[in-house]
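Here are my notes for a first look at this one. Keep the structure open beside you and go point by point.

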Amino acid sequence: MDSKKEDKKEHILNTAERVFAEYGYEGASTRLLAGEAGVNMAMLNYYFGSKDGLLQAVLERRITSLRVLLEEVQRRPLPAWQRLELMIDIYIDRVLSNNSFHKLVQRELSLSHRFESASYITENIMKNIQVIREVILEGIEDGSFMPVDPEMTVATILGVKYYIVNSGHVTNRLLQTDMQDAQQVEEVVKPRVKKHITAILKAYLIKHEDE
């Protein structure tokens with residue numbers, strides 16, 4: 001695919017991500033999606049086949065690209081704690097840079113009648129979670145981490161992320177910030193969240209000399 005076509009496809013995906021997050025799958029008609037992207041419906045079908053195909057492409061792009069980054073860190077010849085720190089940095093950076101996507105994910109997961117979509121999301125997110133979990137297990141096995149519950153450790157990371165991203169009004173008041181302001185998110189919220197999660201996990205995971 002040439003660069004012009006690839007740019008057009010990326011533009012459609014970016015637009016669809018925002019529209020699906022705002023209106024939901026049912027509310028985002030192909031006509032609305034095409035109109036927001038500035039293309040005709042024939043072009044949507046050409047690239048993605050259907051609205052279902054477009055939604056899956058939106059989901060796959062973000063989830064898979066994050067897994068590629070996490071797996072690259074996992075393979076590095078570094079101590080478990082350094083790799084976990086890098087994974088937290090990547091994860092929080094991606095999550096807080098893509099609010100629309102993560103709102104879309106939560107919307108799809110919350111709808112019982114969207115079982116196929118929810119199953120697809122769950123299976124692929126679990127692959128990402130497994131990469132983080134494996135690094136925690138490596139640290140436990142080599143003795144650099146305390147023998148903690150690895151699943152609850154991952155849940156701690158996810159829980160902070162979930163609340164910050166999905167409770168916008170409360171987050172704004174709690175952190176005295178504006179989650180709609182990209183500059184504040186980049187310069188204030190991201191560093192604060194990364195520092196908080198890293199400090200919690202370091203206190204919880206790292207063995208002290210007197211232990």
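1. Start with how α5 and α8 pass each other: the crossing is right-handed. This is a predicted model, so read every value here as computed from it. The two helices, α5 and α8, pack at about 20°, with their axes 11 Å apart. An angle under 35 degrees counts as roughly parallel, and α5 and α8 are therefore roughly parallel to each other. Where do the two helices touch? On the α5 side look for Y91, V95 and L96, which meet I157, L158, K161, I164 and V165 in α8.

2. Now turn to α4 and α5. Their axes come within 9 Å and cross at roughly 160°. Anything over 145 degrees counts as roughly antiparallel, so that is the label for α4 and α5. The crossing of α4 past α5 is right-handed. From α4, the residues taking part are R62, S65, L66, L69, L70, V73 and Q74, and they meet R83, L86, M87, I90, Y91 and R94 in α5. Keep an eye on Y91: in α5, this residue is listed both among those that meet α8 and among those that meet α4.

3. Next, have a look at N128, which sits in helix α7 (residues 115–141). Is N128 buried or exposed? With a relative accessible area of 6%, N128 falls under the 20% limit and so counts as buried. A polar atom of the N128 side chain lies 3.3 Å from the backbone oxygen of I63. Apart from neighbours within four places in sequence, N128 is in contact with I63, L66, R67 and L70. Two of these, L66 and L70, also turn up in the α4 list of residues that meet α5.

4. On to the charged pairs. Side chains of opposite charge can pair when their charged atoms come close. How many salt bridges are there? The count comes to ten. One of them joins R61 and E17, with the closest N and O atoms 3.2 Å apart. R61 belongs to helix α4 (residues 51–74) and E17 to helix α1 (residues 3–27), so this pair, 44 residues apart, links distant parts of the chain. Both partners are buried: R61 has a relative accessible area of 17%, and E17 has 5%. The pair is also part of a network of salt bridges that links E10, E17, R61 and R62.

5. K194 is buried, at a relative accessible area of 17%, whereas D89 is partly exposed, at 37%.

6. Last, check E151 and R133, a salt bridge whose closest N and O atoms are 2.5 Å apart. E151 lies in helix α8 (residues 150–166) and R133 in helix α7, so the pair ties together parts that are 18 residues apart in sequence.

Methods: Residues are numbered from 1 along each chain as its sequence is written. This is a predicted model: local features need pLDDT of at least 70, side-chain atom pairs count only at pLDDT 80 or more; totals for chains, interfaces and linings use all residues. Side-chain values use heavy atoms; hydrogens and water are left out. Helices (H or I, at least four residues) and strands (E, at least two) are DSSP runs, numbered from the N terminus. Buried means under 20% relative accessible area, exposed over 50%, partly exposed in between (1.4 Å probe, protein chains only). A polar contact is a pair of N or O atoms within 3.5 Å; within protein, one must be able to donate a hydrogen and the other to accept it, and residues adjacent in sequence count only if both atoms are side-chain atoms. Contact means heavy atoms within 4.5 Å. A salt bridge is a side-chain nitrogen of Lys or Arg within 4 Å of a carboxyl oxygen of Asp or Glu. Axes are lines fitted to C-alpha atoms, for helices over the stretch in contact, and angles run from 0 to 180 degrees between N-to-C directions. Angles under 35 degrees count as roughly parallel, over 145 as roughly antiparallel, 65 to 115 as roughly perpendicular and the rest as oblique. A crossing is left-handed if the near helix is turned anticlockwise from the far one by less than a right angle, and right-handed if clockwise.
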